[in-house]
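Take a moment with the model before reading on. The paragraphs below go through it piece by piece.

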Amino acid sequence: MKIIDIIINQRNGHYCHAIEVSDTYEIESIVEHIISEFEYSHSEDDIIEFFDTMSIYYLGENPEMEEAVHDFNFREHIQNTI
């Protein structure tokens, strides 16, 4: 079962596949939490797919940080973390 399907089932269908962040550190924290929850039951590719299909919304006002948030490389971060 895909990670997104597991999460949707756990939340009885109440889930929005998006994150709102103020900086890349928040993204890293979220990624690391999901990795710790699913790394033994799902492949690296499954985890990458979960994040590649996620919408990201920047909440700050710094144009440089907004660009960094939208340019965040999930694949690279996940591969370096696992």
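Which residues does Ile-48 touch, not counting residues up to four places away in sequence? They are Arg-75, Ile-78 and Gln-79. Touching, or contact, means heavy atoms within 4.5 Å.

This is a predicted model, in which local features need pLDDT of at least 70 and side-chain atom pairs count only at pLDDT 80 or more, while totals for chains, interfaces and linings use all residues. Residues are numbered from 1 along each chain as its sequence is written, and side-chain values use heavy atoms, leaving out hydrogens and water.

Stay with Ile-48. Its place is in helix α3. Helices (H or I, at least four residues) and strands (E, at least two) are DSSP runs, numbered from the N terminus. Ile-48 is buried, with a relative accessible area of 1%. Buried means under 20% relative accessible area (1.4 Å probe, protein chains only); exposed means over 50%, and partly exposed lies in between. Ala-18 is 30 residues from Ile-48 along the chain, and their C-alpha atoms are separated by 14 Å.

Now move to helix α5, residues 74-81. Its buried residues are Phe-74, His-77 and Ile-78. They lie on the same side of α5, because they cover an arc of only 95° around the axis. The arc is that of the directions from the helix axis to the C-beta atoms. An α-helix has 3.6 residues a turn, so residues three or four places apart point the same way. The buried residues of α5 pack against α2 (24-38), α3 (44-52) and β2 (55-58). Asn-73 caps the N-terminal end of α5. One of its side-chain oxygens lies 3.2 Å from the backbone nitrogen of Arg-75.

Helix α2 also holds Thr-24. Thr-24 counts as buried because its relative accessibility is 14%. Leaving aside neighbours within four places in sequence, Thr-24 is in contact with Met-65, Ala-68, Val-69 and Phe-72.

A pocket is an open set of points on a 1 Å grid over the protein atoms alone, where a 1.4 Å probe fits, with protein on both sides within 12 Å along at least five of seven lines; lining residues have an atom within 4 Å of a point. Of the 13 lining residues, Ile-7, Arg-11, Tyr-15, Ile-34 and Phe-50 are the closest to the centre. α1 (3-10), β1 (18-21) and α2 each supply at least two residues of the lining. α2 gives the most, with four residues.

Note on methods:
Polar contact = N/O pair within 3.5 Å; in protein donor to acceptor, adjacent residues only side chain to side chain.
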